[in-house]
Amino acid sequence: MPRSAANGYNALDSVRTREGNIIANYLYVSTSPDGWRNLAVDEYFLDHAGPDDMLLYFYVNRNAVIIGRGQNPWAECNLRAMERDGVQLVRRITGGGAVFHDAGNLNFSFIAGEGRYDLERQLGMILEAVRALGIPCEFSGRNDLLADGRKFSGNAFCSREGVRQHHGTLLIDADLTRLQNYLNVDPRKLRSKGAKSVRSRVCNLREFVPELTSAQMLESLKLAFGNTYGPYMELRDDNLDENAIAPYVEKQRSGEWRLGKTPRFDLEIENRFSWGNVQLLLTLRHGRVDEIQVYSDAMDAGLVDAIRARLLGVSFGAVPIAEALRSSEKPELRELAQYISVQNL
């Protein structure tokens, strides 16, 4: 696959069509149930895929809470309950909110060079595989896939150096009640949605095909991948460079990545918008923002860094903070600026 063995892959034979054309389609199914390793491999693929590659990666995590890159686990998660029940805390590199993974979730990740990345085609491939099992489904237009009007797949996105990633989960036979055991749920979410109504909008695919297993879903996905992209090479564990993967696993296991530091701050600004929650923890020095912690469950993982970069060193006050945000091209930052501009800071 990919760039070279020196960049993290063992040398692979080229895959050729009957006409003799070289293709660069790959599929890999993880044999590990470890959420830290599986998300590490996901990032490893993103950093090492070549510009002409299309890789589809599947994995199943044992009990794990997966949080978005910008979330604050100290506020979001019941860490004591997770430790008691042996539930992993895993932080992904993409945005969005927390999800619970068990053996009933089949997770997928498309990693492709920008020239080959096509979200509509990728989602269409997933829909083809689900429909082949006799389940009517559709794309919702909000990064979700629906069956009978209910969500069975959520998706998130990332890009680095000309390579893009689109990953998500397929609910096959997941326990839809366990996430609430490990989250400190924001009461504003409950007021706006209601816990019961949230559960009613999510479904397992096994509701439509009672005998469906993750293995059957996987086989349907493999067939759809071949139909959509043509011949592909299925990678094995020994095609991966364990030495290259090791730093990614170490990162995922580390408390610094998963937990960060218990934040200390002088002032908190928090609000929920239609696109997600934002929490700013400001430390002030000599009338300026000396340190800032930013947390958000917004789908755009880059918002956290964008907010931090604009506010660090800014004079404290509603007007200068709002002005620093308002000049951004991101509509979310401009909406945050409008909110802050009317606060009594």
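Author: Helices α4 and α7 are oblique to each other. The model is predicted.

Reader: How is a pair of packed helices described?

Author: Two packed helices are described by the angle between their axes and the distance between those axes. Here the axes of α4 and α7 (residues 214-229) cross at roughly 135° and come within 8 Å. Angles over 145 degrees count as roughly antiparallel, and 65 to 115 as roughly perpendicular. The angle of roughly 135° falls in the rest, so the pair is oblique.

Reader: Is the crossing of α4 and α7 left-handed or right-handed?

Author: The crossing of α4 and α7 is right-handed.

Reader: What span should α4 have?

Author: Helix α4 covers residues 119-131, 13 residues in total. At 1.5 Å a residue it should span 18 Å, and its end C-alpha atoms are 18 Å apart, so the two agree.

Reader: Which residues of α4 are buried?

Author: They are Gln-122, Leu-123, Met-125, Ile-126, Leu-127, Ala-129 and Val-130.

Reader: What reaches the backbone nitrogen of Glu-120 at the start of α4?

Author: A side-chain oxygen of Asp-118 does, to within 3.2 Å.

Reader: Now the sheet. How do strands pair?

Author: Strands of a sheet pair through backbone hydrogen bonds, either parallel or antiparallel. This open sheet has three strands in the order β6-β5-β7, and its pairing is mixed. The edge strands, β6 (88-91) and β7 (99-101), each pair on one side only. Neighbouring strands of the sheet are turned by 30° against each other on average, direction ignored.

Reader: In which sense do β5 and β6 pair?

Author: Strand β5 (residues 64-67) pairs with β6 in the parallel sense, over four bridges. Ala-64 has Gln-88 as its bridge partner in β6.

Key:
Residues are numbered from 1 along each chain as its sequence is written. This is a predicted model: local features need pLDDT of at least 70, side-chain atom pairs count only at pLDDT 80 or more; totals for chains, interfaces and linings use all residues. Side-chain values use heavy atoms; hydrogens and water are left out. Two strands pair if DSSP finds at least two bridges between them. Helices (H or I, at least four residues) and strands (E, at least two) are DSSP runs, numbered from the N terminus. Axes are lines fitted to C-alpha atoms, for helices over the stretch in contact, and angles run from 0 to 180 degrees between N-to-C directions. The expected span of a helix is 1.5 Å times one less than its number of residues. Buried means under 20% relative accessible area, exposed over 50%, partly exposed in between (1.4 Å probe, protein chains only). A polar contact is a pair of N or O atoms within 3.5 Å; within protein, one must be able to donate a hydrogen and the other to accept it, and residues adjacent in sequence count only if both atoms are side-chain atoms. Angles under 35 degrees count as roughly parallel, over 145 as roughly antiparallel, 65 to 115 as roughly perpendicular and the rest as oblique. A crossing is left-handed if the near helix is turned anticlockwise from the far one by less than a right angle, and right-handed if clockwise.
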